[in-house]
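The stops below go from the whole chain to single residues.

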Amino acid sequence: MDLTLWQYQFRIIMLGDSTVGKSSLLKRYTEDLFLETINQTVGVDFYVHFLEVEPGVRVKLQFWDTAGQERFRSVTRSYYRNSVGGLLVFDLTNRASFEHIRDWHAEVCERVQPQKVVFVLVGHKSDMDIDGDRAVSQEEAERLAGQLGMPYTEASAKTGHNVREAFEMVTRRVYQGLLSEEVQLQEGWDGIKCAAPQALLERRASMAQASSTKKEKKCCA
Ligand SMILES: Nc1nc2c(ncn2[C@@H]2O[C@H](COP(=O)(O)OP(=O)(O)OP(=O)(O)O)[C@@H](O)[C@H]2O)c(=O)[nH]1
Ligand SMILES: [Mg+2]
């Protein structure tokens, strides 16, 4: 099979304060590497990864790895609108990075209206929990995620813990949104590209059929 073939392309943006580990998460996911010393991101970097979301359905994930530093904000802001998914990342040992999550979220939502970005909240550097360095409890982070309407997960680029799961979580949420029509393809918008629109229509129709059959069965039971 040609590995560059894909049915969908999703653009996913990485957001959060500087040093929370956004680039490290991407490096672990796309290259299975971790670097103790890594350059701060300047502006925006790009990563690509392929994922099969269901048998025979390959998604090309295009990641925008933004710089957390304030001085790059005018550059990174220009990437919000063409993103369909996002990882909001904070460092579990850095309280301020958690407190800034609401600001990151608000800033993106404001700029992409009426479009929506599908998010996952990531409490990062979970490997440091064993040293008692945690500054944000799991309950508190889950509460925030619930308020913002997104799932929460804890991960570590250093150990690899939950890294694949976090990226798959956001990808599957986007894919489900696409099938349920909560996420719409739009002319001139690059958040999602679909190589075979007819296949998407057929998949949506079969989902609608399956759910109405389910409802009918419930009514008759
Ligand atoms: N202990 C631990 N350290 C990590 C982890 N991930 C990243 N780091 C370290 O955290 C520092 C910052 O990581 P980066 O990936 O550059 O952070 P960033 O969010 O991309 O930062 P900006 O590019 O400035 O926005 C580096 O020294 C990494 O080695 C992790 O899972 N555990
Ligand atoms: Mg970076």
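Colour by secondary structure first: the protein has 7 helices and 7 strands, where helices (H or I, at least four residues) and strands (E, at least two) are DSSP runs numbered from the N terminus. Along the sequence they follow the pattern β-α-β-β-α-β-α-α-β-α-β-α-β-α. This is a predicted model, in which local features need pLDDT of at least 70 and side-chain atom pairs count only at pLDDT 80 or more, while totals for chains, interfaces and linings use all residues. Residues are numbered from 1 along each chain as its sequence is written, and chains are lettered from A and ligands numbered from 1 in the order in which they are written.

Zoom out to the whole protein. The C-alpha atoms fill a box of roughly 55 × 40 × 35 Å along the principal axes. Buried residues (20 or more other C-beta atoms within 10 Å of their own; exposed means 12 or fewer; C-beta atoms are placed from the backbone) make up 36% of the 221 residues.

Next, select L87, L88, V89, V120 and L121. Of the 48 residues in the largest nonpolar core, these touch the most other members; such a core is a set of buried Ala, Val, Leu, Ile, Met, Phe, Trp, Tyr and Cys residues joined through C-beta atoms within 7 Å. Elements giving two or more residues to this core include β1 (8-15), β4 (85-91), β5 (118-124) and α6 (163-179). The largest share, 8 residues, comes from α6.

Centre on V120. Leaving aside residues up to four places away in sequence, V120 touches L87, M150, P151, T153, A166, M169 and V170, a contact being C-beta atoms, placed from the backbone, within 7 Å.

Now select α5 (138-148). Which residues of α5 are buried? They are A141, L144 and A145. These three lie on the same side of α5, because they cover an arc of only 100 degrees around the axis, taken from the directions from the helix axis to the C-beta atoms. The buried residues of α5 pack against α3 (95-99), α4, β5 and β6 (152-155). Turn to the face away from the buried side for the exposed residues E139, E140, R143, G146 and Q147. After α5 comes G149, with a positive phi near 75 degrees.

Finish at ligand 1. Of the 22 residues around ligand 1 (C-beta atom, placed from the backbone, within 6 Å), G21, S23, S24, T41 and G68 come nearest. α1 gives the most to this shell, with 3 residues.

Definitions and conventions: Two residues are in contact if their C-beta atoms, placed from the backbone, lie within 7 Å.
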